[in-house]
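Hi there,

Here is the structure I promised to pass on.

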Amino acid sequence: MIDPVTLIVALIGASTPILLAAIGELVVEKSGVLNLGVEGMMIIGAICGFMTAVNIGFSWSGFVAGAAGGAILSVVFAFLTQFLLSNQVATGLALTLFGLGLAALLGEAYSGISPPLTPDLFPQTLQEGSAISSIIFGHDPVIYLSLGLVAAVWYVLQHTRAGLILRAVGENHDAAHALGYRVVRIRCLAIIFGGACAGLGGAYLSLVRVPSWTEGMTAGAGWIALAIVVFASWRPWRALLGAYLFGGIAALQLRLQASDITVPVVLLDMSPYIVTIVVLVLMSSNRVRATLNAPAALGKVFHASG
Amino acid sequence: MADHSWRVKFMGLILFIVAGIVAWVAAIEPNRNTCPNQGDHKMNPTFKRIARAVAGALLALGLAAPVAAQDDPFHVGFVYVGPVGDYGWTWTHDQGRQAVEEAYGDKVHTTYVESVPEGADAERVMTQMILNGADMIFTTSFGYMDATNNVAARFPDVVFEHATGYRRDHPNVATYSARFYEGRAVMGHIAGHMTESNIVGYIASHPIPEVIRGINAAYLHAAQVNPDVEFRIVWVYTWFDPAVEADAAQALVDAGADVVLQHTDSTAPMTVLAEAGAYGFGQASDMLQFAPAPRISAILDQWSAYYVRRVGEAMEGTWEQADTWDGISAGMVGIGKMTDAIPPEVRASAMALLDSIASGEYHPFTGPINTQDGQVWLTAGETPEDGPLAGMEFYVEGIDAEIPN
Amino acid sequence: MLRLEKRPAPARGWIIGAPILAVLLTMVAGGLMFALLGKDPAESIRVIFWDPLFDDRFAGFSRPQLLVKAGPLILIAIGLSLGFRAGIWNIGAEGQYIIGAICGAGFGLAFFPSENPLIFPGMIIAGALGGWAWAMIPAILRTRFRTNEILVSLLLVYVAEAILATAATGFLRNPDGAGFPGSRNLARHPGTDNPEIFAGTGVHWGVMTAFIAVIAACVLLNRHILGYQIKLAGQAPRAARFAGVNAARLIILCLGISGAVAGMAGLFEVAGPAGQISIDFNSGYGFTAIIVAFLGRLHPVGILLAGLLMALTFIGGELAQLMLGVPAPAIQAFQGMLLFFLLALDVLSNYQVRIGYRTAA
C-alpha cells in the first residue's frame with residue numbers, strides 16, 4: 001500500500017524546484033511583466049550552482065551561485081524588455097533557448113560528477129520521533145527557505161507599501177508612473193528577483209533533487225512553474241498549493257504504479273496535468289469574479305511618454 | 001477605408017515574394033539527386049520550367065555546378081538522437097565514434113550532429129552529411145529507420161549503419177543492435193540474490209519490445225535464484241528526465257524495493273538508492289562514482305569494437321549488408337565491475353552465468369518459459385528465434401503487472 | 001543620456017534596416033562565441049547563413065528544405081498570431097499539432113491499404129478537426145468556467161504527448177512492424193502521402209497551405225470584420241465590448257482557428273516529411289512558432305520572413321555542426337542571441353533615440 005508519510009515527504013522535495021521558480025515568476029507577473037524564460041533561468045541556475053558547489057565543495061555556495069546565475073540571465077531580459085521595450089513573450093522564449101544552450105556549453109566538463117551533499121536542517125533524532133516530525137523536520141534548509149519565501153512574498157504583497165506599489169505598477173503602469181513611481185526600476189527589481197528564484201530552483205534540482213549535472217536536466221520544469229503561477233491566480237499561498245498538488249499527483253501516480261494496485265498506466269502518466277486542469281476549473285467556476293485577477297498590465301510594454 | 005490601392009499593391013507584393021521564393025528554390029537543379037523524401041510522381045515540368053525562367057529573371061542565383069568534393073580521408077558521419085553530454089545512450093555512441101578516430105587516425109574524418117529529431121530533420125541531416133562528403137553514416141536511434149532507408153535509396157554509394165532497426169530495404173543499409181537482455185539477465189541474477197524484501201523495482205521508459213525483453217530477462221533470472229521475488233515496474237514514458245527518474249526510484253523504495261534496475265539513462269535514481277541503502281545498477285555508462293554501493297554493477301553499451309570493425313570494412317571495400325545482433329560474447333554488451341557489496345559467492349555465480357552466456361552455452365531465454373497468462377512460450381530446453389525475441393511484447397509468467405496499452 | 005521618443009508612425013527604413021542590423025550584430029556576437037569555442041568565427045557565420053542558400057554543394061538541397069522546415073512554423077504561427085493580436089493566449093499549439101497528426105494519420109490508416117484519392121483530403125480535414133477539438137478544450141473552459149487558457153493549453157501539450165506515446169506503441173502501431181513502436185509510414189503509401197507538389201522545390205501541401213494562410217490572414221486582418229474585431233479586442237478590450245464584439249465568440253474563433261491550423265500542420269508533417277507517428281514525433285514546432293509569430297510582429301508577411309529565418313538558422317546550424325564540429329548547444333545559444341538582437345532593435349522602428357535630457361514633462 002501507499003504510505004502517506006513517505007508520499008508527503010517525497011512530494012515536498014519534488015515540488016520545491018517548481019515552487020521556487022513559480023514564486024519568483026509570480027512576483028514578476030505581479031509587476032506586470034510576463035517572463036517566459038523560466039526554463040532558461042532555471043537551467044542556468046542549475047549549472048552555475050553545480051559548478052560552484054563542485055569547485056568550492058560546499059553546497060550552500062552552490063545555491064547562492066545558482067540564484068546569482070539566474071539573476072544575471074534575467075538582467076538580459078530586464079534590459080531588453082524594460083529599456084529596449086522588446087516584446088516580452090518572444091524575449092522570454094529567446095531567453096529559454098539561450099539559457100539552455102549556454103548551460104550546456106558551460107556544463108560540458110561536469111557530467112558524471114557528484115556534488116557535495118546538502119545536509120538536512122534538523123538532526124536525525126528530531127526527525128525520527130513520529131510521522132508528523134518526519135514531515136516537519138525531515139528536510140534540507142532550502143525547503144524551509146522556499147516556504148519562508150512564499151510567506152514573505154505573501155506578506156510583502158499584501159501588507160506592505162512596497163507590495164502595494166508593485167501591484168499598482170502591474171495593474172496600471174501609466175497611473176503608477178503618474179504617481180511618481182519608477183515603473184522601470186521596480187519592474188527590473190522584480191525581474192531580477194524572479195531570476196534569482198528560478199536560479200535557486202534550478203540549483204536545487206542539480207544539487208539536491210537529482211543531484212548531478214546533465215544537459216537539459218530541467219526537462220520542462222520551468223514550464224510547469226509558469227502554469228502554477230496561472231493556477232494560483234497570482235496568489236502566493238495558492239502557488240504553494242498548486243506546486244504541492246502537481247508534485248503530489250506526480251509522486252502519487254508513480255507510487256500507484258509501484259504498488260500492486262492496477263490502474264491504466266497511460267492515465268496515471270497524464271494525471272498530474274489533468275488533475276491540475278480539473279482543480280483549476282472547479283476553483284474558477286466557484287468564484288466567478290475573483291479568479292481572473294491577472295495583473296491588468298501583464299505583458300504590456302511601458303514607455304513613459306511624458 | 002477609402003484608399004484601396006495600397007492594399008492591392010500590398011497583396012501583389014506578398015504574391016511576388018511567395019512566387020519569388022518558390023521560383024528561386026526551384027531554380028537550382030538538385031545535384032546528386034537530392035529531392036526530399038517524396039518520389040517524383042507528382043512532378044510538374046511545365047511549372048518547373050516557368051519557375052526556373054522566373055527565377056533566372058529575378059536574380060542570377062543559379063549556382064548549379066555540381067561539385068564532387070572528394071575528401072582524402074574516409075568520411076564517417078554520426079546522427080545522434082540526444083546530446084553527446086547526456087552521459088547515456090548518445091554518449092556511448094560518441095565513445096564509439098572517438099574509438100574510430102583513435103583507431104584510424106588521419107585516415108578517417110568523423111563528424112556528428114546531435115539532438116536530431118526523428119523524421120524529416122534526420123533525413124535532412126543525413127543528406128547534408130553526404131553532400132558534405134560522408135562515405136558512411138551511423139544513425140543511432142530506432143526512430144531514424146525510415147529516414148535512413150529513404151536516404152540510402154538516393155545515395156547507393158554511401159553505406160548506412162542503423163542502430164536497433166529491422167529494415168534493410170537497400171543493399172547499402174545494415175542494422176545492428178545489442179543483446180542487452182543478456183546483461184539484464186546477469187543483473188537480474190544479482191538482484192534476486194541481493195534483495196531481502198524480495199521486492200525488486202524496475203524503472204522502465206516506454207513500453208517497447210527492447211524494454212519488455214529486458215524486464216523479462218531480469219525477472220526470469222531473479223526468480224531462478226529467488227522464487228519469492230516480485231517485480232514492481234514503473235513506467236516513466238521518457239528516456240531522460242532526471243527528476244522524474246529520481247521520483248520513480250523514490251516511489252519504488254517507498255514501496256519496499258531494496259534493489260532497483262533502471263532502463264533510463266540518468267544517474268538520478270542512484271542518489272535516491274544511496275540514501276535509502278538500496279542497490280542499483282549502472283545503465284549505459286558505468287556510473288562508477290556510485291560504486292561500491294548503491295551501484296553494485298552496471299550494464300554497458302559498448303559500440304566501439306563494432307564501429308571500428310565496420311568502418312574498417314567500409315574503407316577496404318569489404319563492407320557488406322548485415323543484421324548484427326551482438327551481445328556479451330562480441331563485447332557489445334559489457335558488465336561493469338561487480339563491487340564488494342555483492343557477496344563473493346554471488347559474484348562467482350554471476351560470473352559463471354556471464355561466462356556461460358558469453359560462450360554461447362546458455363541462452364537467457366531457455367525453456368520452459370510460459371507467457372504471463374500461462375500459455376507455453378518455450379518448451380523445456382527450447383530457445384527462441386531472434387525474430388519473435390526482437391518483437392517481444394508480453395511478460396513472462398510470474399510478473400504481476402500489465403504492459404501499458 | 002539616451003532616451004527614447006515614440007515615433008508617430010513606425011519608421012519605414014528601420015522596419016527593414018533593424019533586422020538587417022540585428023543579423024549583422026548577431027554575426028559579431030556569435031562570431032565571438034564561436035571564437036571562444038575555438039572555431040573560426042568567419043567560417044562559422046558563413047556556414048550558418050550563406051552555405052544553405054548559396055554553396056553549390058548544399059544549396060540545391062537546402063533551399064527546398066528551408067521551405068519544408070519553415071512551412072509548419074509559418075502555418076502554426078499565422079494561426080497563433082490571430083489569437084495573440086486579440087489577447088488570447090494559446091501556447092499549446094504543440095499539443096494541437098500532435099493531436100492533429102494523430103487524428104489525420106488515424107483517418108488515413110483506417111482506410112489502409114486503399115489508395116482512394118479522397119483519403120488525403122479527408123486526412124487534412126481530420127487533422128484540422130483534431131487540432132480544433134484539442135483547442136476547443138481551453139476555449140470552452142475559458143468561456144464557460146473562466147479558466148485561464150494559458151494554463152489549460154500548456155498542460156494539454158503534456159497530455160497530448162502521453163496520447164502520442166500510446167498511439168505510437170499502441171493503437172496506431174504498425175501491425176507489420178514486428179512489435180516495434182511507430183505507425184505505418186504514410187509518406188510511402190500513395191493514398192496517404194503528402195507529396196511534393198512541384199518536384200525539387202520542397203513545396204508539399206503543407207507549405208502551400210502555409211503560403212495560402214499568409215495571404216488569407218492578410219485579407220482577414222485588412223478586409224474582414226473579424227480581423228477588425230481581433231485588432232480592436234487586443235488594443236482596447238473595453239472599447240471592443242462597447243463596439244459589440246462578442247468576447248466569447250472571439251475566443252472560440254481564435255483558439256479554434258489556431259488549433260485547426262496547428263492540427264493541419266501536424267498532419268502535413270506526419271504524412272510528408274516525418275512520414276509516421278512515432279513516440280517523439282513532435283519536435284517543438286508548436287513552441288518555436290510562438291517565437292516566429294512575435295518575431296514577425298504578428299504580421300503575416302513578417303511571420304513568413306521570420307519563419308524562413310528561423311528555418312535557416314536550424315539548417316545552417318546543422319551544417320555548422322557537421323562541417324565545423326560546432327556543438328549543438330552553441331547553435332541554440334546563437335539562435336537565442338539572434339532573437340535578442342532582432343527583438344531589441346525592433347525599438348528603432350517604433351522609437352527615436354535622442355541624446356540629452358527630457359526638456360519638459
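Chain B of this predicted model splits into two domains: domain 1 covers 74-179 + 304-326, and domain 2 covers 180-302 + 331-390. If you take the C-alpha centres of the two domains of chain B, you will find them 28 Å apart. Where they meet, 15 residues of domain 1 of chain B are in contact with 16 residues of domain 2 of chain B. On the domain 1 side of chain B, α3 (89-104), α10 (304-316) and β11 (323-326) each supply at least two of the residues that touch domain 2. That side of domain 1 of chain B has 8 nonpolar, 4 polar and 3 charged residues.

On confidence, the model scores ipTM 0.91 and pTM 0.89. For chain C, the mean pLDDT is 90, and 98% of the residues in that chain reach 70 or more.

Next, chain A. Its secondary structure comes to 13 helices and 0 strands. Along the principal axes, the C-alpha atoms of chain A fill a box of roughly 65 × 50 × 40 Å. Of the 306 residues in chain A, 60% are buried. Among the contacts in chain A with a separation of 6 or more, 77% are between residues 24 or more positions apart.

Is helix α11 (residues 285-295) of chain C enclosed or in the open? In this helix 11 of the 11 residues are buried, so α11(C) is largely enclosed by the rest of the structure. The buried residues of α11(C) include C:Y285, C:F287, C:I290, C:F294 and C:L295, and also C:G286 and C:T288. Part of the cover comes from another chain: α4 (88-106) of chain A is included in what covers the buried residues of α11(C). Chain C itself contributes α3 (59-85), α4 (93-110), α10 (247-271), α12 (300-324) and α13 (328-350) to that cover. Just after α11(C), you will come to C:R297, which takes a positive phi of about 55 degrees.

Then there is strand β1 (residues 2-6) of chain C. The number of buried residues among its 5 is 0, so β1(C) lies largely in the open. This strand does have a partner: 5 bridges join β1(C) to strand β2 (residues 351-355) of chain C, and the two run antiparallel. To find the pairing on screen, look for C:L2, which stands opposite C:I355 in β2(C).

Happy to go through any of this with you at the screen.

Best wishes

Conventions:
Residues numbered from 1 in each chain as written. Chains lettered and ligands numbered in written order. Predicted model: local features only at pLDDT ≥ 70, side-chain atom pairs only at ≥ 80, totals over all residues. pLDDT = per-residue confidence, 0-100. Domains from an automatic or database assignment. Contact = placed C-beta atoms within 7 Å. Helix = DSSP H or I, 4+ residues; strand = E, 2+ residues; numbered from the N terminus. Nonpolar A, V, L, I, M, F, W, Y, C, P; charged D, E, K, R; others polar. Buried ≥ 20, exposed ≤ 12 C-beta atoms within 10 Å, placed from the backbone. Pairing = 2+ DSSP bridges.
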